Amino acid sequence: MQSIVGPLLAMADTPAAAAEYVAPGVGPAYALLVPVLPLIAFVLCAVCAAMRVKSKLPAWITVGLLACSFGVTLAATMAVRAGGPMISHGFEWINFSWGDGPGQAFVADFSLYLDSLTCLWMLFVTGLATLIALYASEYMSHDVGQGYNRFFAAFSLFVFSMACLVMADNLVLLYLGWEGVGLCSYLLIGYFYKKPSAVAAAKKAFIVNRIGDLFLALGIMLCFVHFGSVEYKTIFEQARPYMELLTQGRIAEIPAIAQIIPLLLMVGAFGKSAQLPLYVWLPDAMEGPTPVSALIHAATMVTAGVFLIARAYPLFLISESALPIVGWVGALTALLAATIGMAQFDIKRIMAYSTVSQLGYMFAGLAVLGSTAAAAHVFTHAFFKAMLFLSCGAVMHGFAGQLDLRKLSGVGSMPGWRIVSIAMLIGCLNLAGFPVITAGFWSKDMILGDAFANPSLQAIGWILLLTAGLTAYYTFRVYFRVFAGPQQYEMGDEHHGTHDDAHAHGDHHGGHGHEPGHGGGHDKHDDHHDHDDHHDTPHAPGWAINTVLAVLAVASFAILIPLKSGPDAGWVGSMVSGSSARTIGDAAYLHSAHGAGHAHATFFGFDAHKAMLVVSSIVGLVGIGVAYWLHRAGRTTAATARADALLPAAGPLARWAQNKWYVDELYDAIVRKPLLILSHLFHVIDRYLVDGLVDLLGWAPRGAGRTLRPSQSGQLHGYALGMAGGIVAFLVIVLLVIT
């Protein structure tokens, strides 16, 4: 497998100059408040749990301290943009040596690496966390009490862990945050701990992520073995000679061990960011509360793998195999997840598969040397996907857990649901890549343009273009089925009492719905049942949910202002350019694809980026049009649509897609069941062979002692009788021998 960078360098008339490495300076001490404030929120929420607080105090603590963390992040961003990369030292964490030579000291301090990539990530991590915590203050209000305290404690701990992951100045601190977000993910997915499906989903997420985490740990160890350090500043400095070899086309001279490191890091990224073959945990993670889905599994944690590759981009560029694998895995994951998403009926799971698909887009963007495009898509996706999840959560909250798009219709025209409907429409337009007016269009177009800009990568480009059309279709399939059409609904399983009309008209409101699985051992209070008489009617969201959705809707358009098409991506591009994610490989790509080698970087004779502005627009509009024709036009009931008539023509493909291509069943057959059989076999061996031998060795002296014990009774006549018997036996033996 050839390096992606080689053909790009060959396309240029002259090689691009290596990007100068800028040694980080001393950063401001106040930057340490970014992770410390969420940690304080965690401690205070834990105190609330210990004190058995039964109010919304944990929510307001979390919202306030996370908002302060966002403010500190803004200040740190301005400092970095003015002064370049910095390191803010906290305290010595791990520091020991066994000699004075290079590589004979292991140093991993609690220090923060502040560059523009760090600031870009932390801006949306802390900003979205603040908004989602405010949303959750209302959404989780049914569980005020110990469950409420536990939720916001884990929520705050997650933000602290994510800050450690992103802001770490060394790989060990990154790994601490990496494992921390995995732990918090487990706690929050399994929040409804008496619901079997939630517990199973939490365990599945934890176990699948451990596979990737093992490879990440191995990559960190190998980094120390080869570079003699786990600190970024040292690793990047040590990698500079390899970057020089790369620019000279002498990649074969780069040591194999340096090329293996990114392969190990890559598998860790695949696990955390839900890429093939480790993507199966993310859709099941929807068993957690919807704010968890919005924060952890749409906007922040799942982008940790993208961040890891962007942060270690110089290492990935010096490997011949790493980026090609990343590109193909990302493209195939994007396509596979899109085909599954378009066949699902649970709107929250559709958004989950959409997240998997868009993460594949981001990985492919990194692989085609579009680190700027990938980062831009991470940034835009964080806002509109959080908004989509929270909109679905508002529907779920108001319709007693109902998420089946065949049982909801016309929600957008019901009283009290206008803001949710508008937010959902804006999110769908961004996800579908509606031309020109959406930030999602520009960030996705940059990735497509980067893919088609190099002839050796156009196969990935075609896969992503097809995925874009499927994305537009299944996104508006949800919108047209749930928010448009006749006003009909069927309440979910969490409502109380009977529902006389399964398709009652949506002119009622005032009920109160809960997350599926609610009631799993959480505190119940009288104020949970303020609407007991109306549990069979939808309950419109309150001010907190509507405020957050309105802010996200405005933000999704506001981020379009500093974002523009092309390799620079405006403000986002300037943020990426001052980080490790924009290095010689990316510079060479920009030179070759948009400078001297421009004539070779075409899409059917047109400039790739300019062509994608038109082509991706057409593909997205076609997808939206097909969704309108099949799921909105002529539809008179919530349960049926024109698409139903096409299912027989699809044959078994529709059923396979609805069953997620039986990937889980395949893993169950080739991984889980063989391991289960093997574990039972080892149990039998351990119990009857290993333990049996140990028990036999333990029983032998006990048996011998038990046999000899009567002979040592302490009675003289017994000893005399024994002696006499011994003499007789001896004489008999002698006589037998003589004769």
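Gly 327, Trp 328, Ala 331, Leu 332, Ala 334, Leu 335, Ala 338, Thr 339 and Gly 341 in α14 meet a set of residues in α19, namely Ala 459, Ile 460, Ile 463, Leu 464, Leu 466, Thr 467, Leu 470, Tyr 474 and Arg 477. By type, the residues of this contact between α14 and α19 are 13 nonpolar, four polar and one charged. Keep in mind that this is a predicted model.

Now the geometry of that pair. Helix α14 covers residues 322-341 and helix α19 covers residues 458-482; their axes come within 9 Å and cross at roughly 25°. Angles under 35 degrees count as roughly parallel, so α14 and α19 are roughly parallel to each other. Their crossing is left-handed.

Next, the strands. There is an open sheet of three strands, ordered β1-β2-β3, with mixed pairing. At the edges are β1, residues 25-26, and β3, residues 105-114, each pairing on one side only. Strand β2, residues 86-97, runs antiparallel to β3, and nine bridges join the two. As for individual residues, Phe 96 stands opposite Phe 106 in β3.

Last, a single residue, Ser 617. Ser 617 sits in helix α23, which spans residues 608-631. Is Ser 617 buried or exposed? Its relative accessible area is 10%, and buried means under 20%, so Ser 617 is buried. Leaving aside residues up to four places away in sequence, Ser 617 touches Pro 435, Phe 441 and Met 612.

That's what I have for today.

Conventions: Residues are numbered from 1 along each chain as its sequence is written. This is a predicted model: local features need pLDDT of at least 70, side-chain atom pairs count only at pLDDT 80 or more; totals for chains, interfaces and linings use all residues. Side-chain values use heavy atoms; hydrogens and water are left out. Helices (H or I, at least four residues) and strands (E, at least two) are DSSP runs, numbered from the N terminus. Buried means under 20% relative accessible area, exposed over 50%, partly exposed in between (1.4 Å probe, protein chains only). Contact means heavy atoms within 4.5 Å. Axes are lines fitted to C-alpha atoms, for helices over the stretch in contact, and angles run from 0 to 180 degrees between N-to-C directions. Angles under 35 degrees count as roughly parallel, over 145 as roughly antiparallel, 65 to 115 as roughly perpendicular and the rest as oblique. A crossing is left-handed if the near helix is turned anticlockwise from the far one by less than a right angle, and right-handed if clockwise. Ala, Val, Leu, Ile, Met, Phe, Trp, Tyr, Cys and Pro count as nonpolar, Asp, Glu, Lys and Arg as charged, and the others, Gly among them, as polar. Two strands pair if DSSP finds at least two bridges between them.
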